[in-house]
Amino acid sequence: MTGIGIVTAADSQERSHGQLHVYDGEGKGKSQAALGVVLRTIGLGICEKRKTRVLLLRFLKGPGREYDEDAAIEALQQGFPHLIDQVRTGRAEFFTAGEATKFDKQEAERGWNIAKGAIASALYSVVVLDELNPVLDLGLLTVEEVVKAFASRPSGMEIIITGRAAPADLIKSADLHSEMRAHRKPNHETEAFQRNELIGGIEIYTGEGKGKSTSALGKALQAIGRGISQDKSHRVLILQWLKGGDGYTEDAAIAALRESYPHLVDHLRSGRDAIVWRGQQQPIDYVEAERAWEIARAAIASGLYKTVILDELNPTVDLELLPVEPIVQALLKKPAETEVIITGRCKNQPAYFDLASVHSEMVCHKHYAEQGVDLKRGVDY
């Protein structure tokens with residue numbers, strides 16, 4: 001994919017061969033991207049009743065701490081128990097290599113034994129190994145053994161690995177390597193920084209690498225889970241530009257959560273079911289972009305939604321389908337308790353980037369699409 005414009009579900013051809021994905025880096029979005037893949041895989045199983053199943057195996061996230069997404073995943077498990085399994089290992093608190101104990105190594109080995117069994121069984125179409133990278137970096141598992149196991153995985157199995165400090169041998173064997181790079185806040189003396197301090201709660205995911213929309217979907221899953229378990233007023237709006245039409249697997253999983261909790265989540269797509277390129281915009285593209293923005297603006301201002309996902313807003317602005325200033329003003333005036341998540345690549349950063357409390361750039365080091373490998377339903381879209 002080149003230039004500004006995104007691949008839509010209608011444009012994609014599905015591959016059959018599984019890929020090894022690695023998400024690492026200092027920036028935010030790694031585990032969220034894994035959760036986004038989980039949402040898509042479950043959605044694929046729901047909407048097509050295809051033989052698909054996901055294992056979400058989470059290292060360094062053992063009992064003793066609750067995570068926002070737990071309630072949403074549990075709700076999906078209850079409705080579709082054949083589509084997802086989740087396992088946690090390790091202790092909940094952070095520790096360094098010098099603080100690692102025998103228990104930590106035993107828990108890492110327990111998780112890895114489960115992972116090896118899952119890979120060998122060929123039962124799962126997607127295996128997510130969340131925070132495996134820091135486990136390897138801490139020396140709790142042997143990198144050589146892990147890489148060898150991945151090399152012998154079933155041909156159709158996708159493996160998603162997350163966490164900081166992925167070892168070089170693992171990156172070398174990966175088909176995709178996306179680094180989440182953190183960008184610093186603006187200088188304290190700038191007006192933008194001062195405004196940012198007053199509003200907060202704005203996250204932007206951009207860059208050429210994979211993981212932007214997927215991270216936003218993971219963030220949505222976390223927010224829905226928070227609404228289910230903690231705050232029934234925590235309502236979530238997912239708005240997606242440049243992604244009209246059908247074929248997006250996350251829709252089915254979101255619809256299932258909406259059916260169980262209709263007061264917690266709303267979802268809207270806008271745009272044509274085709275790529276929009278600069279210089280080839282059609283009148284309908286402006287109409288659709290504005291339609292979605294009017295809904296977004298009203299939703300942000302209302303305070304009704306605690307989490308608002310604005311997926312692919314960045315390329316929409318970069319294509320000049322929407323002006324920047326109304327977006328800046330809407331973000332400046334948003335309620336303090338409303339969190340706004342903005343995604344998408346762009347050549348020129350709009351002014352609202354200076355308002356972000358989190359700016360994570362997905363840097364593409366390696367992508368199977370560059371090798372002519374097709375995208376896959378339930379993983380990429």
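## Exercise 1: Placing two residues

Pro63 sits in the loop that links β2 (54-58) with α2 (70-79). Helices (H or I, at least four residues) and strands (E, at least two) are DSSP runs, numbered from the N terminus. The model is a predicted one, in which local features need pLDDT of at least 70 and side-chain atom pairs count only at pLDDT 80 or more, while totals for chains, interfaces and linings use all residues. Residues are numbered from 1 along each chain as its sequence is written, and side-chain values use heavy atoms, with hydrogens and water left out.

Task: is Pro63 buried or exposed, and is Val379 buried or exposed?

Solution. 
- Step 1: recall the cut-offs, with buried meaning under 20% relative accessible area, exposed over 50%, and partly exposed in between (1.4 Å probe, protein chains only).
- Step 2: Pro63 has a relative accessible area of 67%, so Pro63 is exposed. Beyond its neighbours within four places in sequence, Pro63 is in contact (heavy atoms within 4.5 Å) with Gly90 and Ala92.
- Step 3: Val379 lies in the segment after β12. Its relative accessibility is 2%, so Val379 is buried.
- Step 4: leaving out residues up to four places away in sequence, Val379 touches Arg15, His21, Val37, Arg40, Val126, Glu158 and Lys210. Val379 and Val126 are 253 residues apart along the chain, with their C-alpha atoms separated by 8.4 Å.

## Exercise 2: Reading the sheet

Solution. 
- Step 1: two strands pair if DSSP finds at least two bridges between them.
- Step 2: Gln240 has Arg269 in β9 as its bridge partner.

## Exercise 3: Helix packing around α2

Task: at what angle does α2 pack against α8, and at what angle does α2 cross α9?

Solution. 
- Step 1: axes are lines fitted to C-alpha atoms, for helices over the stretch in contact, and angles run from 0 to 180 degrees between N-to-C directions.
- Step 2: α2 and α8 pack at about 85°, their axes 6 Å apart. Angles under 35 degrees count as roughly parallel, over 145 as roughly antiparallel, 65 to 115 as roughly perpendicular and the rest as oblique. The α2 and α8 pair is therefore roughly perpendicular.
- Step 3: the residues making this contact are Ala71, Ala72, Ile73, Ala75 and Leu76 of α2 with Leu221, Ile224, Gly225, Ile228 and Ser229 of α8.
- Step 4: the axes of α2 and α9 (250-260) come within 10 Å and cross at roughly 95°. This pair is therefore also roughly perpendicular.
- Step 5: here Ala72, Ala75 and Leu76 in α2 meet Ala253, Ala256 and Leu257 in α9.
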